[in-house]
Amino acid sequence: MRKVRRVRRNKRVTRRPLKEPLGVNRMYNHPGYRPSAPHIPRENHPFPAVSVIIPAMNEEGRIAAVIAEARAVHPETEVIVVANGCEDQTAIIAERMGAHVLTYTEPLGHDVGRSVGAGSAKGSVLLFTDSDMVIPANELRPYVQAVQRGVDVALNDHTGPIERTEVHRVILAKYTLNSMLGRPDLHGASMTAVPHALSRQALEVIGVEALQVPPKAHVLAIDRGLRVEAVHRVEVGRMNPARGHGRDPLEWLVIGDHLEALETWIQRRGTRGGHHDGGRIRDVVR
């Protein structure tokens, strides 16, 4: 199992002072960004129905726009930003946008911020998105609405390109996992990809800690009979900032996540993952 290093919350980031107050226009400094709604609240709702969790590291250029779109998904929304390892003004901008900011001096590692943010969420619907892409509120809203209709885990129906000679290994891992789980209908939909949303019931059944390894949380949701559906497609592959040429540094991390998820499935369903053995009488060979 992966060992996750815990970082004490009381280690605060030393932020450099702002040269001048940040107004709305300066905080919305993502090129070409225009808010989806003309009057988006600038503070969290005191009794939120929806909690939006946004891990963030050094995203001062996007974070205000990401928060604005997140808050516009529902009239009763709280936004939780997990600012970890930031060396810029991400945290202070998020605070001025009215978000609840959890600050860590060191990077928490991939997806740990989701788990931390979920642990502080108050809403009956938890929506997860990332700080490195500005997804319009109307593209986030279907996930919230699906959970409100009774879905426990509302996934992004973005499954990645498969009509290629060589399919990306992460895409193959997602398809393989869903097939092993008896859910080929999900194709490559996965809790690895944002946006996705959980019901409060799903969070309690899966557990906050499991969210650190999204495919493992995916396995637990299906194993425990939660309603898991791919509800809406957002082409995040086109929105993600390019990571440069060469090997994707996250590729083998995500593949390892899927192997850990399969281990969890086998532990719960047996060596063959719940699939029959075809009537083999193996003792004959012994």
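Modeller: The account below begins with the model as a whole, turns to the helix packing, and ends with some details of the backbone.

This is a predicted model, in which local features require a pLDDT of at least 70 and side-chain atom pairs count only at pLDDT 80 or more, while totals for chains, interfaces and linings use all residues. Residues are numbered from 1 along each chain as its sequence is written, and side-chain values use heavy atoms, with hydrogens and water left out.

The mean pLDDT of the protein is 88, and 85% of the residues score at least 70; pLDDT is the predictor's confidence in each residue, from 0 to 100. Over residues 1-25 the pLDDT stays under 50, and for this stretch the model has 52 contacts beyond four places in sequence. Contact here means heavy atoms within 4.5 Å. The protein contains 10 helices and seven strands; helices (H or I, at least four residues) and strands (E, at least two) are DSSP runs, numbered from the N terminus. Of its 286 residues, 50% count as buried, where buried means under 20% relative accessible area, exposed over 50%, and partly exposed in between (1.4 Å probe, protein chains only). Among contacts between residues at least 6 apart in sequence, 79% join residues at least 24 apart.

Axes are lines fitted to C-alpha atoms, for helices over the stretch in contact, and angles run from 0 to 180 degrees between N-to-C directions. The crossing of α8 with α10 is right-handed; a crossing is right-handed if the near helix is turned clockwise from the far one by less than a right angle, and left-handed if anticlockwise. On the α8 side the contact is made by P214, P215, K216, V219, L220 and D223, and on the α10 side by D257, H258, E260, A261, T264, W265, R268 and R269. By class, these residues divide into six nonpolar, two polar and six charged. Ala, Val, Leu, Ile, Met, Phe, Trp, Tyr, Cys and Pro count as nonpolar, Asp, Glu, Lys and Arg as charged, and the others, Gly among them, as polar.

Helix α6 (residues 169-180) also packs with α10, at an angle of about 10° and with the axes 9 Å apart. The two helices are therefore roughly parallel to each other. From α6 the contact draws on R169, V170, A173, K174, L177 and M180, and from α10 on E251, W252, V254, I255, H258, A261, L262 and W265. This contact has 10 nonpolar, one polar and three charged residues.

Burial describes other helices well. All of α2 (residues 63-71) is covered in this sense, with nine of its nine residues buried; among them are I63, E69 and R71. I63 lies 7.4 Å from I93, C-alpha to C-alpha, although the two are 30 residues apart in sequence. I93 belongs to helix α3 (residues 90-96) and is buried, with a relative accessible area of 5%. Seven of the nine residues of α4 are buried, so this helix is largely enclosed by the rest of the structure. One of the buried residues of α4 is S115, whose relative accessible area is 7%. Residues up to four places away in sequence aside, S115 touches V208, E209, L211 and Q212.

Some backbone details remain. Most residues other than glycine have a negative phi, and most peptide bonds are trans. V194 and P195 are joined by a cis peptide bond, with omega about -10°, and P195 is found in the loop between α6 and β6 (196-199). H187 is also placed in the loop between α6 and β6; its phi is near 55°, a positive value in a residue other than glycine, and H187 is partly exposed, at 41% relative accessible area. N58, in the loop between β1 (50-56) and α2, has a positive phi near 55° and is partly exposed, with a relative accessible area of 35%.

Key:
Angles under 35 degrees count as roughly parallel, over 145 as roughly antiparallel, 65 to 115 as roughly perpendicular and the rest as oblique.
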